[in-house]
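Biologist: I'm new to this one. Can you bring it up and walk me through it?

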Amino acid sequence: MYNLKSSASKMFHNLSHKVADFSTDLIIEDIGIITNISKGIVMVSGLSGVAVDELIQFSENLFGITFQLLHNEVGVIVLGNSDKLQVGNEVKRTGRITDVPVSEKLIGRVIDPLGRPLDGKPAVDDYKNFPIERDAPSIVDRIPVDVPLQTGIKVIDALIPIGRGQRELILGDRQTGKTAIAVDTIINQKNENVLCVYCTIGQRASSIAKVISRLEENGALDYTILVVTKGDDSPGLKYIAPYAATSIAEYFMRKGKDVLIVYDDLTQHALAYREISLLMRRPPGREAYPGDIFYIHSRLLERSTHLKQELGGGSLTALPIIETEAENISDYIPTNLISITDGQIYLSPKLFELGILPAVDIGKSVSRVGKAAQKFIYQSVVGDLKLAYSQFEELENFSRFGAKLDERTKQIIEHGQRIRMCLKQEESKPVSLQEQILILIALTEGLFDSIPLNKMKMAENIIKQRSKDLGELETVLLSEKLSERNRDKLVRLLKDNLQHLLMSK
């Protein structure tokens, strides 16, 4: 009896100490209830303290972003499949503004806009979180765009130069080679110390796989990050994809690196935003787009710039892609983006059908930064190439009427045909700076005019091969300005190399 009483006393003594030492931290959670569900969006009540763009959690792996704050409820964009959600389900706030993980370890990876891996590899474990919506750098933090970004595409580098920190729009109808130009530009950044971010918005899975394969085959995945949304993804993921990709690019820009970002394409982004807005019952405007459609793209592209040296001197170059219908570049979304960007590269379906690739319409393409973002040696060798090509196109159209042409007109047409042949280029085969300069010298000096059109490809290959054996002349091509003496020396050298083609005419 004594032992039982002693044991009970000891037990209650220990229990009282445990109770006295026990403490807990209260966690206050703001929980709401789903009141309505539409495709890709839900309406939630009960989240009184929620903020715009805050991340909302539906379940362990399903999130949303607050989009519209009303008096009694909140409109939330679902970042994933909303089929399993039901009216009455609980949701809770995370207290975080929607963000994306950023890290050096993302290089070479394929992720979704929330940073989740899509390449079968483990998730990145060492990272920071950057909000997907960030203020664009102020005017005083920017410096002029004056460093060229070589695309490896002759017609662009020579006539429509792009600078590091520029925003150059690529537009054209379906299947005209818009993605090919962007991917070739990424491939050409190998050994150029430029990091690339490729963002797909609502593209077909087969197209995305093709792009990844091309980048991998050319060794470009080693310096590229892919942020991917497919056509069957939710409108919410498509909407946040370019903002998330830009935050990743800005992380590296802020570290002083030069970054190239491709948005493929912003047509799908505008459509996703229109779908979300109409489901939220926002009033439609022109072509059923909401009134702020211009703002969603301007606040995105304004983040591309060239930072001053005090902030690291990094740059973010943007190549947004947009799809036109029936060659109508004066449509609503194309004109919006043309006004936001620093120029455009227009791809013509007519040139594409003729096999003139890349199908760049020089007359409708422009770089508003221009020669300021072009290596000075181009200015020494390009001359009036664009004018000569424009004259050729006008005369070529005129000659189709069967009019009798004088010798001077025939010479202009013959020369223009050689320009067209030289500006043609195969996909995934970027041309180096040295090769481009030699080809342009031969072109502007008329060295190709006596070579038959069916041997132009052979002539160009001879010059490319010669550029690899330049030796002491390599420093001449890499100099800022080409002197008349060095130019004459190169012309004689090229003429000698092309001589046997002239003999076999």
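Modeller: Two strands count as paired if DSSP finds at least two bridges between them. Helices (H or I, at least four residues) and strands (E, at least two) are DSSP runs, numbered from the N terminus.

Biologist: And where do the coordinates and numbering come from?

Modeller: This is a predicted model, where local features need pLDDT of at least 70, side-chain atom pairs count only at pLDDT 80 or more, and totals for chains, interfaces and linings use all residues. Residues are numbered from 1 along each chain as its sequence is written, and side-chain values use heavy atoms, with hydrogens and water left out.

Biologist: OK, strands. How many bridges are there between β11 and β12?

Modeller: Strand β11 (residues 194-203) pairs with β12 over 6 bridges, in the parallel sense. Within that pairing, V197 stands opposite I225 of β12. Strand β8 (residues 110-111) also pairs with β12 in the parallel sense, over 2 bridges, and I111 has V227 as its bridge partner.

Biologist: Is β12 mostly covered or uncovered?

Modeller: Mostly covered: 6 of the 7 residues in β12 (residues 224-230) are buried. Buried means under 20% relative accessible area, exposed over 50%, and partly exposed in between (1.4 Å probe, protein chains only).

Biologist: What about the barrel, which strands make it?

Modeller: The closed barrel has 6 strands in the order β1-β2-β5-β4-β3-β6, with antiparallel pairing. On average, neighbouring strands of this sheet are turned by 45 degrees against each other, direction ignored. Axes here are lines fitted to C-alpha atoms, for helices over the stretch in contact, and angles run from 0 to 180 degrees between N-to-C directions.

Biologist: What does β6 pair with?

Modeller: β6 (residues 90-97) pairs with β1 (residues 31-38) over 3 antiparallel bridges, where G32 is partnered with V91.

Biologist: Which helix lies across β4?

Modeller: Helix α6 (residues 266-279) lies across β1, β2 (41-45), β4 (63-69) and β5 (74-78), at about 60 degrees to β4. Contact means heavy atoms within 4.5 Å.

Biologist: Switching to rings. How many aromatic pairs?

Modeller: The count is 8. Rings of Phe, Tyr and Trp (its six-membered ring) pair if their centres lie within 6.5 Å; planes under 30 degrees apart are stacked, over 60 edge-to-face, and the rest tilted. F130 and Y251 form an edge-to-face pair, 5.7 Å centre to centre with 85 degrees between the planes. F130 lies in strand β9 (residues 128-131) and Y251 in helix α5 (residues 235-253), so this pair ties together parts 121 residues apart in sequence. F130 and Y251 are both buried.
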